[in-house]
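Dear colleague,

Please find the structure below, followed by an account of what was found in it. I would be grateful if you could read the text with the structure open beside it.

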Amino acid sequence: MGFFLEVLIGGLLTGVLYSLVALGFVLIFKASGVFNFAQGAMVLMAGLALVQLIEPTYIGLWHFVGIGALVAAVAGLLILRVVRGGTLAAAKGDWRAKLPALVGVGAGLVGGLLALAGGAKGWPLWLAIPAAIAVMVAVAWVVERWVLRPLVNQEGIILFMATLGITFFIDGFSQTLFGSNVYPLNIGLSKDPVFLLENVFEGGILVNQLDISGAIIAGVLVAGLAVFFQKTRIGRALRAVADDHAAAQSVGIPLNWIWFIVWSVAGIVALVAAIVWGSKLGIQFSLTFLALKALPVLILGGFTSVPGAIVGGLLIGAGEKVAEVYFPVVTKFAFGTAMPGGIEYWFAYVLALVFLLFRPQGLFGERIIERV
Amino acid sequence: MFYREAGQFKVTYSADMAIFPIAQDRIAVLAIVAGAFLLMPFVATEYFLNSIMVPTLILALAAIGLNILVGYCGQVSLGSGAFMAIGAYAAYSFAIRVPELPLLVSILLGGVVSAMVGIAFGIPSLRIKGFYLAVATLAAQFFFDWLFARVGWFTNYTPSGSVNAPRLDVFGWTVNTPVEKYLFVLAVVCVLALLAKNLVRGHVGRQWMAIRDMDIAAEIIGIRPMYAKLSAFAVSSFFVGVAGALWAFVHLGSWEPLAFSIDRSFQLLFAVIIGGLGSILGCFLGAAFMWILPIFLDIALPPLGELVGWKMDKATVSHFSFMIFGGLIVFFLIVEPHGLARLWSLLKEKLRLWPFPY
């Protein structure tokens, strides 16, 4: 019993981390109807950017200068956007129309100079995390401006293939820029295992502290997102866009801006996932496969449901760990020969497939009503 | 001037319904096929045949299979790599366990097994649609990856998990040299492509397209969705399975499950989309694009890097070519979301008026 609980709890905690990746998918699918395969690549990119800013092992001074410039430019543009109130568009020829370009370039220059003065020493955490966020915001801008906007009104599958292209691009780009080894990420989360419930079971239950802190971080993130979606003006706009693009646009919600925000938020979620997974496994290319692990979570929970992503993650995480441990035992009992292990690899998918046969829209997905 | 159909009168229904109703098209296609059979073996180098023509043709065959499912029937599948693997391993099993069977028959039987598995994995498509279905087909991909890697029976208990193809013996003709391999693959691909073209033009193909365009409406006018969808899955998996068997036996020679990983599925899907959904010609164009571009980038990038004074090591070259590849795919999707086949038909429209557009 103690062993079973240990497996179960370990699985649940891993499941929390799956839902962290699935969350990024759900956000983007809700707001723009894009099935974003690039979420895994975004996790890799955020992680690589962060780890190289904290402990530069691969990148040189000029990378720092570039990132400093980028960060400052993004920050400057965001501040400008907030100060000007968002939707004000200056007439062509007016000097204010050039303001964003001026602010971007100016802030970028200042940031670059500051980074040059600082040198390639590695930045403290409080600076590196906002910098990594700025990198992800820049990615969101590029994606929105150069991929989504030209592809507006295309079919879902075309957009999906475009995000596959983005995946290739980000994978290649981030590894060219930040190196492609395995980098340990240490931001002070303890990795020591602890024993719980020692007075209930003999020997207690072994749980990794890192998984617990990961779960706490995920909980905080979800709570933050819930508040953001329910209570803020932008959150309300996001929900409106998710509900109906055309209607939202007709009441004056700028779609492009909303997409940019949602991709930025997904980038931040990717950064959080990178921090948690990176502390566990190190930042490496295999983080991109997380995207594949998050897919069954998604279909189990429903593409459009944030709680679905959480519950789905828990179910998949717990289910696959328990199945992995007990599958050889059960098959030995049933067929007389133990089947080989490693079923973690496909169990989640088959579970999700069987589940879909009974509930085609997932656990919490919206019911699909079809008309001719 | 040369590409005009004026004066070509169709006086029978069969002439009107021909695959290539325009005489110039007929001549061009015949010339291309004749050139591929008669001219290519004499002019092409072994490298070109072995590492460009053979894989491109096989990938095109697999892309035709996937296109039947995605482009004609509208059911997105991310599991085509698994069906290639099923075709390959089933053909291997037939070839070594029933050695009396001619090789061509084992390859086709590989396709048949793949078709049966395809029907089984197509059943969810009756209930689920769109991206839910796409993700569900990933289940096939991961399950079969695992099955062929872990269960020894499929690899005939080879300790390394890698499998060697049996001798390629087609009715007494031993396929050994690159030229022979090329001709063999070309013959199979030509026959199957013709079959596919006729399938999609006919009764079955129209049912698929009706289902793709709107399945409820199709059901109302009397098309059985179960029959149409499952037949699309079966035919598609048959083509993909035969392609997988060819890929393993002729192109690779010895292979591991990794040869049919999810990357292969994505490659095929890209080939279909870049070539053009719902076009047989597009499959060939897309497969050529997907196969040749990475090879080209691998060769062309290092000297280009030298030009700007950047010494790239092997890892950087591969990352950089990834990047360019992804960028190009996005670019293609933006410029022509209907694929290369669409570009070709636009070109044909222009050609009809050229050089006097008024």
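Helix H6 of chain B is mostly covered, with 16 of its 21 residues buried. Here a residue is buried if 20 or more other C-beta atoms lie within 10 Å of its own, exposed if 12 or fewer, and partly exposed in between, the C-beta atoms being placed from the backbone. Helices (H or I, at least four residues) and strands (E, at least two) are DSSP runs, numbered from the N terminus. At 1.5 Å a residue, the 21 residues of H6(B) should span 30 Å, and the end C-alpha atoms are 31 Å apart, which agrees. The expected span of a helix is 1.5 Å times one less than its number of residues.

Before going further, please note that this is a predicted model, in which local features need pLDDT of at least 70 and side-chain atom pairs count only at pLDDT 80 or more, while totals for chains, interfaces and linings use all residues. Residues are numbered from 1 along each chain as its sequence is written, and chains are lettered from A and ligands numbered from 1 in the order in which they are written.

Two residues in the loop between H6 and strand E1 (163–164) of chain B deserve mention: B:Asn156 and B:Tyr157. B:Asn156 is not a glycine, yet has a positive phi of about 55°. B:Tyr157, also a residue other than glycine, has a positive phi near 60°. Are these residues buried or exposed? B:Asn156 is partly exposed, with 13 other C-beta atoms within 10 Å, and B:Tyr157 counts as exposed, with 9 C-beta neighbours inside 10 Å.

Other features of chain B

Helix H5 (residues 103–122) of chain B is mostly covered, 14 of its 20 residues being buried. From its first C-alpha to its last, H5(B) reaches 28 Å, close to the 28 Å expected at 1.5 Å a residue.

Helix H4 (residues 80–97) and helix H11 (residues 262–275) of chain B pack at an angle of about 115°, with their axes 6 Å apart. Axes are lines fitted to C-alpha atoms, for helices over the stretch in contact, and angles run from 0 to 180 degrees between N-to-C directions. H4(B) and H11(B) are therefore roughly perpendicular to each other; angles under 35 degrees count as roughly parallel, over 145 as roughly antiparallel, 65 to 115 as roughly perpendicular and the rest as oblique. B:Ser80, B:Gly81 and B:Met84 of H4(B) meet B:Ile262, B:Arg264, B:Ser265 and B:Leu268 of H11(B) in this contact. Two residues are in contact if their C-beta atoms, placed from the backbone, lie within 7 Å. By class, the residues of this contact are 3 nonpolar, 3 polar and 1 charged. Ala, Val, Leu, Ile, Met, Phe, Trp, Tyr, Cys and Pro count as nonpolar, Asp, Glu, Lys and Arg as charged, and the others, Gly among them, as polar.

B:Gln207, in helix H8 (residues 203–213) of chain B, is buried, with 22 other C-beta atoms within 10 Å. Leaving aside neighbours within four places in sequence, B:Gln207 is in contact with B:Ile223 and B:Ala228.

In the segment after helix H14 (339–353) of chain B lies B:Pro355. A cis peptide bond joins B:Trp354 and B:Pro355, with omega about 0°.

Where the two chains meet

How many residues does each chain bring to the contact? Chain B gives 38 residues and chain A gives 40 residues. On the side of chain B that touches chain A, helix H6 (130–150), helix H9 (215–220), H11 and helix H13 (314–335) each supply at least two residues. H13(B) provides the largest share of that side, 13 residues. The side of chain B that touches chain A has 30 nonpolar, 5 polar and 3 charged residues.

Chain A

Chain A has 13 helices and 2 strands, and 45% of its 372 residues are buried. Among contacts in chain A between residues at least 6 apart in sequence, 77% join residues at least 24 apart.

Helix H1 (residues 2–32) of chain A has 31 residues that should span 45 Å at 1.5 Å a residue, and its end C-alpha atoms are 45 Å apart, which agrees. Of those 31 residues of H1(A), 24 are buried, so the helix is largely enclosed by the rest of the structure. Just after H1(A), A:Gly33 takes a positive phi of about 70°.

With kind regards
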